[in-house]
Amino acid sequence: MSSETTVVNRANGGAETHRVRGLVNLVAGIVIVAAVVFAVTAGAGAIWHKVTATTPAPGAATSAVVPASTSNAVQVKLEINPPPLGGVKGPDGLVHDAFVPGTFTMTVGKTYDVTIYNYDSQSHSWMSPDLNVSAVAPAGSPSSPSITHFTIKPTKAGTIQWFCALPCDKWAMATNGFMRGFVIVKA
Ligand SMILES: [Cu+2]
């Protein structure tokens with residue numbers, strides 16, 4: 001749209017056209033800036049929505065068991081070895097045990113209702129002494145994940161480590177984005 005306008009103005013030339021072109025460019029610039037701001041905002045919202053989706057996992061027959069959320073709490077969904085892969089592919093090409101997402105963002109003072117769906121046939125845990133959380137996610141299966149629930153209310157900003165403390169995939173336990181990761185707490 002704006003490039004077409006520019007081409008026409010170039011063909012005309014002249015001081016008057018330059019002024020008009022300057023105005024057109026200014027308006028186009030404002031529109032582009034507004035569009036970028038909107039896109040970034042909408043994008044961030046989409047990502048956050050993905051993280052906080054409360055839709056029951058496919059095959060989660062026991063989803064009704066999940067406790068009712070605290071009012072105003074932000075829902076966070078974590079999945080262990082979700083289908084179809086049943087884990088996350090590592091740099092070695094093999095599928096490893098992993099929490100998905102492994103890293104996510106929170107804000108100081110807000111309350112988060114975290115629900116873990118464990119599709120793995122063994123137990124894992126989500127531990128973070130700094131966030132005062134020590135949660136065990138019992139074994140489940142790809143068609144019937146176990147469901148574990150806890151609440152976090154971060155009190156200070158920072159990048160906080162979480163980890164699985166139950167012996168599982170040794171490489172994954174030592175690698176951020178798999179059986180350990182971060183909660184980025186923003187002020
Ligand atoms: Cu684990």
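Reply: Let us begin with a hairpin. In this predicted model, β7 and β8 form a hairpin, with 4 residues between the two strands. Within the turn, Asn-132 has a positive phi of about 65°.

Me: In which sense do β7 and β8 run, and how many bridges join them?

Reply: Strands of a sheet pair through backbone hydrogen bonds, in either a parallel or an antiparallel arrangement. Here, β7 (residues 124–128) and β8 (residues 133–137) run antiparallel and are joined by 5 bridges.

Me: Which strands form the open sheet, and in what order?

Reply: The open sheet consists of 4 strands in the order β4-β1-β6-β9, and its pairing is mixed. Its edges are β4 (99–100) and β9 (146–152), each of which pairs on one side only.

Me: How many bridges does β6 share with β9?

Reply: Strand β6, residues 112–118, pairs with β9 over 7 bridges in the antiparallel sense. As a point of reference, Ile-116 stands opposite Thr-148 in β9.

Me: What share of the contacts with a separation of 6 or more joins residues 24 or more positions apart, and what share of the residues is buried?

Reply: Such pairs account for 61% of those contacts. Of the 187 residues in the chain, 25% count as buried.

Methods
Residues are numbered from 1 along each chain as its sequence is written. This is a predicted model: local features need pLDDT of at least 70, side-chain atom pairs count only at pLDDT 80 or more; totals for chains, interfaces and linings use all residues. A residue is buried if 20 or more other C-beta atoms lie within 10 Å of its own, exposed if 12 or fewer, and partly exposed in between; C-beta atoms are placed from the backbone. Two residues are in contact if their C-beta atoms, placed from the backbone, lie within 7 Å. Two strands pair if DSSP finds at least two bridges between them.
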